[in-house]
Amino acid sequence: MTNAIEQMEEQNHNIVPPSPQSTQLQPLMLERPLCYGCEDNWTWNKRDRSQEVRLSGQNSRTVHFHPNWSKGTAGIRGNRVLNNGRYYWEIKVSQRVFGTSMMFGIGTKLARVHANSFTNLLGEDKHGWGLSHKGLLWHNGEVRTYTKRFKENEATTVGILFDGIAGTMTYYKDGQCLGVAFRGLNEVRDSLYPIVCSTAAKTEMTLSETRRDFVNLQDRCRAIIIQRLHSEKDLQALGLPHRITNYLQVALNPPQTTPISPVENLYDFYMY
């Protein structure tokens, strides 16, 4: 029986009839989420992933799942801590959309990023919140219908808007808002991170856009300055005080392996 399931994952024969379109589907959005915010250069954490995940591309933003064949579920965690902020990111999914579960969402450090079985990994317990390509929402091992199933063998773009102030998470698909998916996320005390996972062999997801809201005027000013700096050398040439330089450097060269703390913690770099 197990061999038969594995063959289905590898050969792309897992065909399930589409579910009815959710009534939560909204009209085509006229304005992109957080369009008045700034770029947020986080990426996938190469030290916090399944062994069945490979990274490539600029800033390691492209995830390759099961590059040879699939024997389970593989995932990876982002290095952005989301709590108490407002963030939006988009994931471009290659045309290999099929299998038991391809998932997009968030989770704590306790959410698994690998399983030796084909499962809905993100949301299997209280540590994860996820949307599968079958249009289902998962959290705490419970599932509910959210939107229609993604078309198989057709590339798509999934957007996620996390609002840590209101405690909500909203999904977008190919420019359409699908409505609020989860609430109460502002009550989660553990650090939350972006996560993607897949059971399907040779699937690919690319982090194509990452934005965040401004915290205050200081944060907004820093974003404007960073737009005009092209390298570490440009920053050093300004001859600014050490504390200001450090504050700008955090945004100019974000870490790729260690978690990026919520922007509110950057007050530690305050000038005076």
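The protein chain exposes about 13500 Å², and carbon and sulfur atoms supply 50% of it. Accessible areas come from the Shrake-Rupley method with a 1.4 Å probe; for residues, only the protein chains shown count as cover. This is a predicted model: local features need pLDDT of at least 70, side-chain atom pairs count only at pLDDT 80 or more, and totals for chains, interfaces and linings use all residues. Residues are numbered from 1 along each chain as its sequence is written, and side-chain values use heavy atoms, with hydrogens and water left out.

Of the 272 residues in the protein chain, 50% count as buried. Buried means under 20% relative accessible area, exposed over 50%, and partly exposed in between (1.4 Å probe, protein chains only). The chain holds 4 helices and 16 strands. Both are DSSP runs numbered from the N terminus: helices are H or I with at least four residues, strands E with at least two. Among contacts (heavy atoms within 4.5 Å) between residues at least 6 apart in sequence, 68% join residues at least 24 apart.

Strand β3 (residues 53-56) runs antiparallel to β4, and 4 bridges join them. Strands pair if DSSP finds at least two bridges between them. β3 and β4 form a hairpin with 5 residues between them; G57 in the turn has a positive phi of about 80°.

T62 sits in strand β4 (residues 62-65). S56 stands opposite T62. Leaving out residues up to four places away in sequence, T62 touches R54, L55, S56, E204, M205 and T206. The C-alpha atoms of T62 and K92 are separated by 9.1 Å, with the two residues 30 apart along the chain.

R149 lies in the loop between β11 (142-145) and β12 (156-163).

L240 is placed in the loop between α3 (232-237) and α4 (242-252). L240 counts as partly exposed because its relative accessibility is 32%. I225, L238 and L240 make a nonpolar surface patch of about 220 Å². Patch residues have over 30% relative accessible area and no salt bridge; like charges are joined within 9 Å, nonpolar side chains (Val, Leu, Ile, Met, Phe, Trp, Tyr) within 5 Å. A salt bridge is a side-chain nitrogen of Lys or Arg within 4 Å of a carboxyl oxygen of Asp or Glu.
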